[in-house]
Amino acid sequence: MQNQRNLILAVLLTALILFGWDAGVRYFYPHANEPAKAAPQAESTSNAGTTKPTREGGLRDAADMALEKQDLKVALAAPGRVPVVAPGLSGSINLSGAVIDDLVLNRHRETVEKDSGPVRIYSPAGTPAQQFAQVGWVGEGVATPDGRTVWTAPAGAKLTPATPVTLTWSNATGQTFAITYKIDQNYLITASQAVRNGGSGPVQLQPFALVNRTDRTASLDTWNVQSGPIGAFDGSVNFATNYSTVADAGTIQEPGRTDWIGFTDIYWMSVLAPQGAPAKGSFRKVSSDIFRADLIYDPAVVQPGQTVATTTRIFAGAKEHTVLDAYEKQGIANFGLSIDWGWFRWFEKPIFWLLVKLFSLVGNFGVAIILLTLIVRGIMFPVAQRQFASMAAMRAIQPKMKALQERYKDDKQVQQQKIMELYKQEKVNPLAGCLPIFLQIPVFFALYKTLILSIEMRHQPFVLWIKDLSAPDPAHILNLFGYLDFQPPGFLAIGVLALLLGVTMYFQFKLNPAQMDPAQQQIFALMPWFMMFVMAPFAAGLLIYWITSNILTIAQQKFLYSRHPQLREQQAKEADDKARAVARDSGAKA
């Protein structure tokens, strides 16, 4: 009776947390989801919203989206822009400041709808989705170009992989500044800065490059996937800095040589990489929601008649592993590690390679996930079999262990000694069942990381209603799979895949040997349904992996039970003993 009371109490408390949390937050913090009212800043004309970032990032407020569309129309219609036309990137360069502030990714759409348009990665300053890159100089006693400088471009200039573009500007004292932009087939723009001193005396100039962006479009930053400031310094990639640490510090000077520096989202990245010259990197907060990554080169003295040049590579694109690895081979140190593989990247990268290869063979990413799960579980089957055999052996000696524990219950030291002798006599290693679990953890965590990082899974359909495996299941039970005009809160957005996950996990736990402790039994009984709620917001591709894994585990357990009948017999005997004990207790109370 006490156990039943505890179970009911646990269910009620769980329901209270699930249903009451959202209502409580709305009651005590009624304005939590309204945009914050901040003072206008120099480089931001709109205020930062406080809505929670999404996994993919981008603007989330309808008013911001409408304003962004309007601002882009005005900004991009203005004269003084050089078109950018390449297979990977399209857009324009603003001649006012020589700023790269208009770029879209041709190979990736905003949504699953085919007419949704390409993903925009750069937007001009002052727009809600502000992000741009710029190169320039600072100097002492000499006029240098700034953000308001209007540069000169050749007539009919167009930046393509076959046609670089050189912008020029001269000051009143004889110095001529030039920026030559080149673009490749993917996402790399090379900016070569040159200054020729036509004056009568030497001048000192310091080249720089920067990426400026708002965090309003940032993707969700989690404990296992970096989103925010990123860089490689002295050959090591730094994932420790985020927007909040920069906001608190104001400016963060990164120690050591900067290999590259910028900002990343889950799928997109914008960074600067020096070429052929050492540079220092830093992050800084510009205003309430605007941040900047700076690349500063050493000052150079330019003698009369001399020309000094500096080259910076600007990456603005999708984190496609083949593209990043290719740029790493071209000299950008550890660029492939900008994908936050984590500790188990030696497992993850081969698994990722296999997943992509399977996708290329079958043409359906969901089927590729299922096949990958089959292959991995097949490889791990001998380990699981060993674990199960150890568990069967431990179960088989349980009666003898209980007898020893009862006989020597007053002498724990002797009891432990006798149990160790029993292990030796029966040739059972109590730790043998734990080792396989530790061997499996890195493999399955690698699978998990591979699926959440893979841009190849973005917007990939599976079957029927699953149009995007990187997004949560859109068919929610509470709104009758979309037929009702109602969007349930996140913790109640239980879809078909989440329900299948709970059901398969329930049958998986049912096949496990019954726990000796009644409290543990209750926990295991609730666990599948608790996990159903927890995992419902996860990407559909991840749920397909977990469901497939659960089904394979059920099949594996049934097979191993057939190979170890003593375990099933022992489990049935324990269940019968417990049933008789419960019946005796009920009869005694009656």
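**Charged pairs and their surroundings**

Arg284 has a relative accessibility of 28%, so the residue counts as partly exposed (buried is under 20% relative accessible area, exposed over 50%, partly exposed in between; 1.4 Å probe, protein chains only). The model is predicted: local features need pLDDT of at least 70, side-chain atom pairs pLDDT 80 or more, while totals for chains, interfaces and linings use all residues. Residues are numbered from 1 along each chain as its sequence is written, and side-chain values use heavy atoms, without hydrogens and water.

The partner of Arg284 is Asp294, and their side chains form a salt bridge with an N to O distance of 2.9 Å (a Lys or Arg side-chain nitrogen within 4 Å of an Asp or Glu carboxyl oxygen). Arg284 belongs to strand E15 (residues 279-285) and Asp294 to strand E16 (residues 290-297), so the bridge ties together parts that are 10 residues apart in sequence (DSSP runs, numbered from the N terminus: helices are H or I with at least four residues, strands E with at least two). While Arg284 is partly exposed, Asp294 is buried, because its relative accessible area is 3%.

A search of the whole structure finds 14 salt bridges. One of them joins the side chains of Arg81 and Asp101, at 2.8 Å from N to O. This pair links distant parts of the chain: Arg81 sits in strand E1 (residues 81-85), Asp101 sits in strand E3 (residues 99-109), and 20 residues separate them. Arg81 is buried because its relative accessibility is 18%, and Asp101, at 4%, is buried too.

Lys418 and Glu421 are three residues apart in helix H8 (residues 412-426), about one turn of the helix. Their side chains meet in a salt bridge of 3.9 Å, N to O. Lys418 has 28% relative accessibility and so counts as partly exposed; Glu421, with a relative accessible area of 39%, is also partly exposed.

Salt bridges can also share residues: Asp64, Arg216 and Asp289 are linked in a network of them.

Glu320 is found in the loop between strand E18 (307-318) and helix H4 (321-329). Despite its place in a loop, Glu320 is buried, because its relative accessible area is 12%. Leaving aside residues up to four places away in sequence, Glu320 touches Arg107, His108, Tyr187 and Ile455 (contact means heavy atoms within 4.5 Å).

E8 and E18 run antiparallel and are joined by nine bridges (two strands pair if DSSP finds at least two bridges between them). In this pairing, Ile189 stands opposite Ile314 in E18.

E8 (residues 188-197) also pairs with strand E7 (residues 175-183): nine bridges join E7 to E8, and the two run antiparallel. Here Lys182 stands opposite Thr190 in E8. E8 is mostly covered, with seven of its 10 residues buried.
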